[in-house]
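Please look over the sequence and the structure shown here before reading on. The briefing that follows is meant for someone meeting this protein for the first time.

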Amino acid sequence: MKKTIFFAALLTFLSKPAFAFNATHDFTVFLGPFNASKTSFNYALDSNNYAVSSKVRTAGFFDTLYPFEANYATTGKIVADKLETTSYKYQSQSRFTNRKKELVYNEDGQPIYRISSKNGKEKKVELTPSPQNDETTDLQTVFAELARQYNKVKFCDSRMEVFDGKRRFDVIFKDEGQEELTPNEYMPFQGTASKCSMYIDKLDSSGDDLLWQITSDRPIYFWILTDKETNIPFIAQIHIDDTPLGKLDVYTSNITINSQRG
């Protein structure tokens with residue numbers, strides 16, 4: 001379930017630089033035959049700072065089979081019109097394992113420490129600042145950057161490099177045209193949506209969680225609508241054709257946006 005960070009982060013597609021705003025999403029995750037998770041997240045942005053936090057928890061029968069709960073939090077500042085991470089924290093609890101991870105950044109936005117723990121056993125690793133680190137960011141900030149791009153030019157095409165404290169990988173976004181969305185039991189929204197895809201280039205890395213099982217052969221598709229009242233874009237639906245547990249569909253069930261002109 002670690003890959004659920006993708007879906008929470010994708011739903012931060014709400015960047016409007018001329019505004020200060022706070023947005024809360026609720027969404028439902030279907031994995032294979034399971035109504036697997038009901039998740040909420042919050043995204044806040046003003047002219048100088050941003051923050052993204054999300055809570056993921058399995059639900060129903062799926063929770064009995066694969067209990068999982070996680071909290072993700074990113075904070076950052078906006079410098080020269082660029083989003084720069086200042087902190088990243090992650091904590092999860094599965095049936096037998098509690099994990100924590102924190103990236104500590106210096107004033108230049110480079111990660112200098114990775115602090116992680118598994119079932120209470122903590123490990124601190126010093127990360128050497130380098131020009132290579134300067135070109136990377138955390139995963140949640142990638143989507144905030146993409147949101148700003150989409151708001152300005154209305155397309156997704158881009159490639160960004162992520163460093164999670166251990167591994168580097170590229171996130172590749174592509175435009176896939178437009179499609180009509182209709183409401184269903186789990187998503188009340190409708191209209192002409194921009195369809196985009198996201199691919200993961202693992203850059204010859206390997207890992208032991210589900211994130212690394214999503215490759216360029218398994219794109220994540222997502223559909224963007226625009227909120228009629230605030231004119232802010234948001235992700236209405238997400239789909240993966242195949243995962244280790246079957247196809248995955250994510251539906252935005254509710255969105256609350258509070259905005260103020262800056």
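**Briefing on the predicted model**

With a relative accessibility of 56%, Phe61 counts as exposed, since the cut-off for that class is over 50%. The model is a predicted one, and Phe61 sits in its helix α2, which covers residues 60–65. Taken as a whole, the protein has 4 helices and 14 strands, and 51% of its 262 residues count as buried.

**Overall build and surface**

- Among contacts between residues at least 6 apart in sequence, 52% join residues that are at least 24 apart.
- The accessible surface of the protein amounts to about 12,500 Å², and carbon and sulfur atoms account for 46% of that surface.
- Phe61, together with Leu65, Tyr66 and Leu245, makes a nonpolar surface patch of about 380 Å².

**Helix α4 and the residue that follows**

- Helix α4 takes in residues 139–153, and the distance of 21 Å between its end C-alpha atoms agrees with the 21 Å that its 15 residues should span at 1.5 Å a residue.
- Of the 15 residues of α4, 13 are buried, so this helix is largely enclosed by the rest of the structure.
- Just after α4 comes Lys154, which takes a positive phi of about 60°, and Lys154 belongs to the loop between α4 and strand β9 (158–163).
- Lys154 is partly exposed, its relative accessible area being 47%.

**Nonpolar cores**

- In soluble globular proteins, nonpolar side chains tend to be buried together.
- The largest nonpolar core here has 27 residues, of which Cys156, Val171, Phe173, Met198, Phe222 and Ile224 touch the most other members.
- Two or more residues of this core are given by each of β1 (19–31), α4, β9, β10 (168–181), β11 (191–201), β12 (220–226), β13 (233–240) and β14 (248–261).
- The largest share of this core comes from α4, which supplies 5 residues.
- Another core, of 24 residues, lies apart from that one, and among its members are Tyr50, Ile78, Leu83 and Ala144.

- Thr74 has its place in strand β4, which is made of residues 68–79, and at 1% relative accessibility Thr74 counts as buried.
- Leaving aside residues up to four places away in sequence, Thr74 touches Tyr50, Ala51, Val52, Thr85, Ser87, Tyr88, Asp138, Gln140 and Thr141.

**Salt bridges**

- How many salt bridges does the structure hold? There are 3 of them, and they are described in turn below.
- Lys77 forms a salt bridge with Glu84, and the closest N and O atoms of this pair are 3.7 Å apart. Lys77 counts as partly exposed at 27% relative accessibility, whereas Glu84 is buried, with a relative accessible area of 18%.
- Asp170 forms a salt bridge with Arg159, with the closest N and O atoms 2.6 Å apart. This pair links distant parts of the chain, as Asp170 is in strand β10 and Arg159 is in strand β9, 11 residues apart. Asp170 counts as buried at 10% relative accessibility, while Arg159 is partly exposed, with a relative accessible area of 48%.
- Lys195 forms a salt bridge with Glu179, in which the closest N and O atoms are 3.4 Å apart. Lys195 lies in strand β11 and Glu179 in strand β10, so this pair ties together parts that are 16 residues apart in sequence. Lys195 is buried, having a relative accessible area of 15%, and Glu179 counts as partly exposed at 33% relative accessibility.

Note on methods. Residues are numbered from 1 along each chain as its sequence is written. This is a predicted model: local features need pLDDT of at least 70, side-chain atom pairs count only at pLDDT 80 or more; totals for chains, interfaces and linings use all residues. Side-chain values use heavy atoms; hydrogens and water are left out. Buried means under 20% relative accessible area, exposed over 50%, partly exposed in between (1.4 Å probe, protein chains only). Contact means heavy atoms within 4.5 Å. Accessible areas come from the Shrake-Rupley method with a 1.4 Å probe; for residues, only the protein chains shown count as cover. Patches are made of residues with over 30% relative accessible area and no salt bridge: like charges are joined within 9 Å, nonpolar side chains (Val, Leu, Ile, Met, Phe, Trp, Tyr) within 5 Å. A salt bridge is a side-chain nitrogen of Lys or Arg within 4 Å of a carboxyl oxygen of Asp or Glu. The expected span of a helix is 1.5 Å times one less than its number of residues. A nonpolar core is a set of buried Ala, Val, Leu, Ile, Met, Phe, Trp, Tyr and Cys residues joined through side-chain atoms within 4.5 Å.
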